[in-house]
Amino acid sequence: MSSGLYGIKYSNRDSMQHWTKNCFNSSFPTALACYMMEKDIPAIYARLSNENGRLCVVCDEISIRDVFNCGDRGCDDIEFNFEEKYEPFQRFSFDPIDAIDLVVKDLDGNYLAPVEIKMTVLPTSATAVKPENEWGCELVVRTATTSYCAFSMWNSVKEDRKGVRAMFEDGCSDIGAWTNDFEMSHKTSGLRAILDNFERKYISLQRPLVMQPFWKTKGQSPILSENAFDIVVWSDFAFSRLFLETAEEKTMSRPMRASARMARCLWELSKSEKVHVEEIYRQMAFGQQTDKEVSVPGDRWRRYITSDRVLHPRMPRAALSEIIAPRYIENLRPERRFDQTLYFTVRSSNG
């Protein structure tokens, strides 16, 4: 644990970088995932299911090994690189693609998996006033995540390029201006129907993409619960439902924009196997900020994440002493809620 964090031996961050303001919220979740992998504790898996023709997100479990796509490798045989491009997806874009939170490689430099990390707290202020079994997490999605979602889907279905194009051709080919607010507000419901059919057809090819660790506190206090940590993993298909299922407004909302972008990305990939990702994810702004795509409040998140593990997270507070090496907690500067919670929890435990 030269990094001070469980399982992170090889990384593009040095040992002190892991503890800085902008890095800890991805380094700690990776260590938590490593710990769960080595202890053979699965994560909650939010995946898309086709229930008699109705698409819905269901929760079961997934091995962290499947998330990292690392086979039987141990943590000492994996390299964890943060805020880096997942190069296998670069071949799908003429422009440089964005970095993703975590790129998993083997020690020979072979790419294993892209992982977006969303560290969240349970409960939110809005759900904390409800009964504990209704507590939820807020999930804020950036545009880089939705572009990786589209690339991840395409990477799985690209062998059926002609089939994908046939699905999108009629709905996409007659769009005159993808950046026109009025036109797109009238076309997006049709695009969403195409995306629904796409996901029904290729649902067996969904892949884990987003890792959402959460820490549970005692209500709104900064004190960790005894059952303190768990991880939700979203498949690419399930993650897309966060915006596809709210893309019904009459004006060009953020969920509608995300849906239109995904449809255009998949359609253009089916035509030429390469897109101008900057044109899709920067120019199709429709008057909205381009850095934030979708925000999912805690009550809506809880409707998707139905696992009992939200009420009783698998990882106890006591596991912190194994995930964080002795005295490394002193490297934190408690400026944010999670830093404060860990810092004061560990210090109080150590007397």
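Q: How do you know that the length of helix α7 (residues 254–272) is close to the one expected at 1.5 Å a residue?
A: In this predicted model, α7 has 19 residues and reaches 27 Å from its first C-alpha to its last, close to the expected 27 Å.

Q: What makes α7 mostly covered?
A: Buried means under 20% relative accessible area, and 16 of the 19 residues of α7 are buried. The helix is followed by Glu-273, whose phi is positive, near 65°.

Q: How do you know that the span of helix α1 (residues 24–38) agrees with its number of residues?
A: At 1.5 Å a residue, the 15 residues of α1 should span 21 Å, and the end C-alpha atoms are 21 Å apart, which agrees.

Q: Why is α1 called largely enclosed by the rest of the structure?
A: The helix is described in this way because 13 of its 15 residues are buried. After α1 comes Asp-40, with a positive phi near 60°.

Q: Why is Cys-23 called buried?
A: The cut-off is under 20% relative accessible area; Cys-23 has 13% relative accessibility and therefore counts as buried.

Q: Why is Cys-265 called buried?
A: Its relative accessible area is 0%, and the cut-off is under 20%, so Cys-265 is buried.

How values were computed: Residues numbered from 1 in each chain as written. Predicted model: local features only at pLDDT ≥ 70, side-chain atom pairs only at ≥ 80, totals over all residues. Heavy atoms only, no water. Helix = DSSP H or I, 4+ residues; strand = E, 2+ residues; numbered from the N terminus. Expected span 1.5 Å × (residues − 1). Buried < 20%, exposed > 50% of the residue type's maximum accessible area, 1.4 Å probe, protein only.
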